[in-house]
Amino acid sequence: MTGLSANMDFVATAEEVTQHLLAVLEAAKFKVKSLEGNTITAQTGFSLTSLGSQLTATLEQTDPSTVRVTFDIKPRQKTVMTDWGRSKRELKRILRLLEARLASQSSESDKQCAQCSAPVQDADIFCTNCGTKIR
Ligand SMILES: [Zn+2]
């Protein structure tokens, strides 16, 4: 495959990384085409300006606590040069979203809303569940 590649290491289980990755792909408007073993294939749809991108993410347990995700993204129609720029931006966005999600998971500690017991982030001012002021 000759696409744009990137990889990232996460201190999490493969299941956690898969869960977050699926949520991030959905947020980035990717449709998951297949989920086989440790490989997720997803693509964006056609639009007025683009034929879409195809992404492959492969999860690999590099040590007992670390999962490496290798991303490979390419335009569905490789000859459309503007689509390469788009694929690159999409890949960056996915990496950012995934990093943010996993970072917030590890810093979640055991803080919770005094009103409804929903988990809250350190940065939250109001509970995202019930709206109670946290601090
Ligand atoms: Zn609450």
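Here is a short chat about the sheet, a helix and the core of this predicted model.

User: Before we start, what pLDDT do local features need here?

Analyst: Residues are numbered from 1 along each chain as its sequence is written. This is a predicted model, where totals for chains, interfaces and linings use all residues, side-chain atom pairs count only at pLDDT 80 or more, and local features need pLDDT of at least 70.

User: In what order do the five strands sit in the open sheet?

Analyst: Strands here are DSSP E runs of at least two residues, helices are H or I runs of at least four, and both are numbered from the N terminus. Two strands pair if DSSP finds at least two bridges between them. The edge strands, pairing on one side only, are β1 (4-11) and β2 (31-36). The pairing is antiparallel, and the order is β1-β5-β4-β3-β2.

User: How many bridges join β4 and β5?

Analyst: These two form a hairpin with two residues between them. D63 has T66 in β5 as its bridge partner. Pairing is antiparallel, and the count is 10 bridges.

User: Which residues make up the covered face of β5?

Analyst: In a regular strand the side chains alternate between the two faces of the sheet. On β5 the uncovered face holds T66, R68, T70, D72 and K74. The covered face is V67, V69, F71, I73 and P75.

User: Within what arc do the buried residues of α1 fall?

Analyst: Buried means 20 or more other C-beta atoms within 10 Å of the residue's own, exposed means 12 or fewer, and partly exposed is in between, with C-beta atoms placed from the backbone. In α1 the buried ones are V17, H20, L21, V24 and L25. They line one face of the helix, because their directions, seen down the axis, fall within an arc of 140°.

User: Which exposed residues sit on the face of α1 turned away from its buried side?

Analyst: That helix spans residues 14-27. Its face turned away from the buried side carries E15 and E26.

User: Which residues does I94 touch?

Analyst: I94 is among the residues with the most contacts inside the largest nonpolar core, which has 18 residues. Such a core is a set of buried Ala, Val, Leu, Ile, Met, Phe, Trp, Tyr and Cys residues joined through C-beta atoms within 7 Å. Contact also means C-beta atoms, placed from the backbone, within 7 Å. Not counting residues up to four places away in sequence, I94 touches V24, L25, A28 and F71.

Key
Expected span 1.5 Å × (residues − 1). Arc of directions from axis to C-beta. Contact = placed C-beta atoms within 7 Å.
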